[in-house]
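Welcome, and thanks for taking a look at this one. Below is a short briefing on pockets, helix packing, backbone details and confidence.

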Amino acid sequence: MHIPLESALVEEARCLADGVVGRMMGYIRAHSTVSIERAVLRLLGVDGVDEEGVPWPNRTVDRIQAAGQLPSGVSHWLAGVCLAKGLGPQAAAEWIATAATPADWGCEDVSAGARERWALEQMGVALEHLRTSRLQRQRFRERLGVGPAPLRYLIVATGSIYEDVPQAVAAAKQGADIIAVIRATAQSLLDFVPFGATSEGSGGTFATAANFRLLRTALDEVSEELGRYIQATNYASGLCMPEISVLAAQEGLDMLLNDALYGILFRDINLYRTLTDQYFSRMVNGFAGILINTGEDNYLTTADAIEAGHTVLSSQFINERFAREAGIPTHLMGLGHAFEIDPKREDGFLDELAMAQLVRQVFPEHPLKYMPPTKHITGNIFQSYAHQTMYNLATVLTNQSICLLGILTEAIHTPFVADRYLALRNMSYMENFTRHLVGEFDLRPEGRIAARANQVLREAVLQLRHIHDVGLVAAIGEGCFADVRRAPDGGKGLEGVFEKAPDYLNPFWAEFERRAPESALSV
């Protein structure tokens, strides 16, 4: 299918998004956050918890911040202590965290040049490990191959990783291509990453390095058994976005939910904290070859899908530009959207097709992630199944890349294995039964679908013009997205943002920017 779109409007939308994002990049590059500094420690191998169960990255960064020395960067102080005391990164981090005063760090005589040389050497070791792991995973994936598009994405969320793993394996055997372990409810509001494997979580399972490792190991084993590579994903959003990206890279995850605006709008995390964190987080993802999924589908859970459809498109343009700034290549930008129009709306399916096809045409090379209906799903499982069947049909007709399968009991309880099986069978039925349907017809240029798509495009451009005029910060304050308003000095985590000092040292930040495509760094 093809919709005749006004190409000049698409080009204008991208130019406007470039300007919107470009005006934020000066602030982002001049600042860092406690979560970025903790991510640096994790890249350097600092891990574990103290006797009170507090992660050492938190202890160390909090100690440096309390001493008023964080603007120089955690690498500055870690390098100094390592060189002065002859310690490794882990021991040096613990030394800093437990010292009575900053004077006890004992690194005042270590020169800036020596610190930088140490940091660059340690960075080289860390990045070589990530590079080797990425190459090994890429070879494994190429040897087995992945399923055909749309890739079938299923969620597992029991609260216990020991329950998630067998359910994930069962889902893979039933036909799933991607397994997502949803994080425990409100983990995004924790300013630390829990340690170790976890067996208790409400609404999901905690994102930890150990849990990532257990899932990855199980999916690698079942991939070999099936002769088909099964991908693993989790969420990198919230107050620990950069740290989770590092852990995902270290443990071999394939995808991460990673949105520039989601935490601001839906978790009330300070916008400056979120925008700075997402930049470093995405640089890590780009280096590690992790595909990001954005969260525009969430906008339509709080705003009407017809009235606010254009906000999805304008946000996708902004998310695309933020990702390019961080050096994410197009094939790793999984922009999100959803099938969320009220099923009681006359010709609602035509409107859904218009939106899905519009996004597909505007972002033809992106691995789009299409989300199933949730807002209008009720306890009526028969209606839910019919609704999700229409979603599957739209997925096939508009050539979506990643399809999160709808579960008929989603609104009733945590799905059983059998519920996921029915979701997979529904998609298999639709793919087979309509395999060559698209090639049998085209869309009328003057028809309802084309008219709706062009209307959404025009409205998105109008919104982007306004955002370009007032700035992203003011636009978020006005409630431009998801009907949610956020103040620039509000939300959680602002106290964790700081301006970099002239001697700020973070070799990873500089190296990631150096490696990013020049086109992604230009404004």
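By class, 13 nonpolar, nine polar and six charged residues make up the lining of the second largest pocket. This pocket belongs to a predicted model, and its volume is about 560 Å³. The largest pocket comes to about 1,000 Å³.

**Second largest pocket**

- A total of 28 residues line the second largest pocket, and those closest to its centre are Arg137, Arg141, Asp254, Ala288 and Gly289.
- Two or more lining residues come from each of α6 (112-144) and α9 (241-251).
- Helix α6 provides the largest share of this lining, with eight residues.

**Largest pocket**

- Around the largest pocket, which has a volume of about 1,000 Å³, the lining consists of 42 residues.
- Nearest the centre of the largest pocket lie Ile155, Ile182, Tyr235, Asn298 and Met371.
- The elements giving two or more residues to this lining are β2 (151-156), α10 (262-267) and β9 (369-371).
- Strand β2 gives the most, with four residues.
- Sorted by class, the lining of the largest pocket holds 19 nonpolar, 15 polar and eight charged residues.

**Helix packing: α1 with α11**

- Two packed helices are described by the angle between their axes and the distance between the axes.
- For helix α1 (residues 7-30) and helix α11 (residues 271-288), the angle is about 80 degrees and the axes are 9 Å apart.
- Angles of 65 to 115 degrees count as roughly perpendicular, and α1 and α11 are therefore roughly perpendicular to each other.
- On the α1 side, the residues that meet α11 are Met24, Met25, Tyr27, Ile28 and Arg29.
- Their partners in α11 are Tyr272, Leu275, Thr276, Gln278 and Tyr279.
- The contact of α1 with α11 is made up of seven nonpolar residues, two polar and one charged.

**Helix packing: α4 with α6**

- Helix α6, the main contributor to the lining of the second largest pocket with eight residues, also packs against helix α4 (residues 74-85).
- The angle between α4 and α6 is about 95 degrees, with their axes 9 Å apart.
- These two helices are therefore roughly perpendicular to each other as well.
- Helix α4 brings His76, Trp77, Leu78, Ala79, Gly80, Cys82 and Leu83 to the contact, while α6 brings Ala114, Arg115 and Trp118.
- By class, the contact of α4 with α6 has seven nonpolar, two polar and one charged residue.

**Backbone details**

- Which form does the peptide bond from Ala149 to Pro150 take, cis or trans? This bond is cis, with omega near 0 degrees.
- Pro150 sits in the loop between α6 and β2.
- Ala186 has a positive phi of about 70 degrees, although this residue is not a glycine.
- The loop that holds Ala186 runs between β3 (178-181) and α8 (209-226).

**Confidence**

- The chain has a mean pLDDT of 94, and 98% of its residues reach 70 or more.
- Over residues 518-523 the pLDDT is below 50, and this stretch has 17 contacts in the model beyond near neighbours in sequence.
- Where pLDDT is low, the predicted coordinates should not be read in detail.

How values were computed: Residues numbered from 1 in each chain as written. Predicted model: local features only at pLDDT ≥ 70, side-chain atom pairs only at ≥ 80, totals over all residues. Heavy atoms only, no water. 1 Å grid on protein atoms, 1.4 Å probe; cavity = no way out; pocket = protein on both sides within 12 Å on 5 of 7 lines; lining within 4 Å. Points joined across faces, edges and corners; volume = space filled by probe spheres on them. Nonpolar A, V, L, I, M, F, W, Y, C, P; charged D, E, K, R; others polar. Axes fitted to C-alpha atoms, helices over the stretch in contact; angles between N-to-C directions. Parallel < 35°, antiparallel > 145°, perpendicular 65-115°, else oblique. Contact = heavy atoms within 4.5 Å. pLDDT = per-residue confidence, 0-100.
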